[in-house]
Amino acid sequence: MEFDATDGYLSDDSSFYGDADDRARLEAEAATFDPAPYWSHHPHLLPVIAAANRAKLEAASSPTPPKPLYNPYEGSICGRQLNESVEDFLKRLPPLTTPSSSVYPWIFIANPHAKSRPTDRDQAGFMKAAENLLQTFNEDKDGIERSMAGKQKGTITRKLTPLRKALENDLLALAKDKRFTSGKWMLFPLPEHVNRHWAIVAEATVNRELGIAAKVAPDEGKGDRVARIICVYTKDFSDMDDVKRVLERLIELGLVKKNQSTAAEGIYYKADAFTELGINSGNEWGLKASLYASRDVLGDGKK
């Protein structure tokens, strides 16, 4: 069948693919063709190199999509909201005059650029295992005190010191294993200074100058001479570079003295794991409530 201008196609009988000899030759060449040499040289061809470079330049110039902002207090009335300016937040919840209640146990603010807290943090698992460690220590302590009845208190204390140190190390290792690693530097401004200090901390937290979050105690009605507490959180108590960085920034912001000649002029860092266990000053296990003193971290005091 010949080409028909009205139908617009070529028939299978046409000579479009050549005669029988042409087709046989082309099929033989196709059967023996090896594309490997071409592809081995392909990456080194100038047009290919130029195209790859153009693609890299286009990718580099493309705007990076913004990371989603983080706020664990979103929707909570006692926390700063993402659509709320820091100034409006401070006006809404001034710690000096905001009364403490079940609605306002604390006033919170988060670093919106921080990574979200790990979803695999096993706080419940930590608490259960830690309580077992504390119970075992109490049993060992009671046994030592019974066996050393009548001995001087200092002698018994020296016997218990290695056990206490082992307990502290075991608790911190457990916190790391359960990914319960957050902790905080603690500031204690008097009420007359709390609004100003909190405003500095809040601004610096949102601006990524401090840690992952911060909180301040509202007014508990205890008077003008009882200090309030401000907690400045870091992600991991074992990350000493970050712990020290936050402390140094607090000094630069004028919230902590740079030269601390006495421990009273410094501040302290406490692991959240110890807070949850109720390890406070004078606790029944004789453990230090805080992990670090600012003087030690700065090198101004003896560790």
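**Helix α8**

I began at the end of helix α8, which is followed by G254, a residue with a positive phi near 80°. Helices here are DSSP runs of H or I with at least four residues, strands are E runs of at least two, and both are numbered from the N terminus. The model is a predicted one, in which local features need pLDDT of at least 70 and side-chain atom pairs count only at pLDDT 80 or more, while totals for chains, interfaces and linings use all residues. Residues are numbered from 1 along each chain as its sequence is written, and side-chain values use heavy atoms, with hydrogens and water left out.

I checked the length of α8 next. The helix has 13 residues (240–252) and should span 18 Å at 1.5 Å a residue; its end C-alpha atoms are 18 Å apart, which agrees. The expected span is 1.5 Å times one less than the number of residues.

Which residues of α8 are buried? I noted D242, V243, V246, L247, L250 and I251. Buried means under 20% relative accessible area, exposed over 50%, and partly exposed in between, with a 1.4 Å probe and protein chains only. The buried residues of α8 pack against strands β2 (183–187), β4 (230–234), β5 (268–271) and β6 (292–293), and against helix α10 (294–298).

**Core**

I then looked up the largest nonpolar core, which has 64 residues; F126, L171, W185, L187, W198, V201 and L250 touch the most other members. Helix α7 (residues 191–206) gives the most to this core, with six residues. A nonpolar core is a set of buried Ala, Val, Leu, Ile, Met, Phe, Trp, Tyr and Cys residues joined through side-chain atoms within 4.5 Å. In soluble globular proteins, nonpolar side chains tend to be buried together.

I listed the contacts of F126 (heavy atoms within 4.5 Å). Leaving out residues up to four places away in sequence, F126 touches L171, L174, A175, K178, F180, A273 and L277.

**Sheet**

I traced six strands in an open sheet, in the order β1-β3-β4-β2-β5-β6, with antiparallel pairing. β1 and β6 are the edge strands, each pairing on one side only. Two strands pair if DSSP finds at least two bridges between them.

A110 has A213 of β3 as its bridge partner. In a regular strand the side chains alternate between the two faces of the sheet. Are the two faces of β1 (residues 107–110) covered or uncovered? I found both covered: I107 and I109 are buried on one side, and F108 and A110 are buried on the other.

Further along, β2 and β5 pair in the antiparallel sense over four bridges. W185 stands opposite Y269 in β5, and W185 was already in my core list among the residues that touch the most other members. Y269 also has a bridge partner in β6, namely Y292. β5 and β6 are antiparallel and paired over two bridges, with Y268 opposite A293 in β6.

**Loops**

Most residues other than glycine have a negative phi. I noted two exceptions. R179 has a positive phi near 60°; it is in the loop between α6 (153–177) and β2. With a relative accessibility of 35%, R179 counts as partly exposed. R208, also not a glycine, has a positive phi of about 65° and is in the loop between α7 and β3. R208 is exposed, at 54% relative accessible area.

I also looked at L69, in the loop between α3 (46–61) and α4 (86–92). L69 counts as partly exposed, with 47% relative accessibility. Setting aside neighbours within four places in sequence, L69 is in contact with L82, P112 and H113.

**Whole protein**

I ended with the totals. The protein has ten helices and six strands. Its radius of gyration is 34 Å, well over the 19 Å that the globule rule gives for 303 residues, so the protein is more spread out than a compact globule. The radius is taken over C-alpha atoms, and the rule is 2.2 Å times the number of residues to the power 0.38. The C-alpha atoms fill a box of roughly 120 × 55 × 40 Å along the principal axes. Buried residues make up 36% of the 303. Among contacts between residues at least 6 apart in sequence, 69% join residues at least 24 apart.
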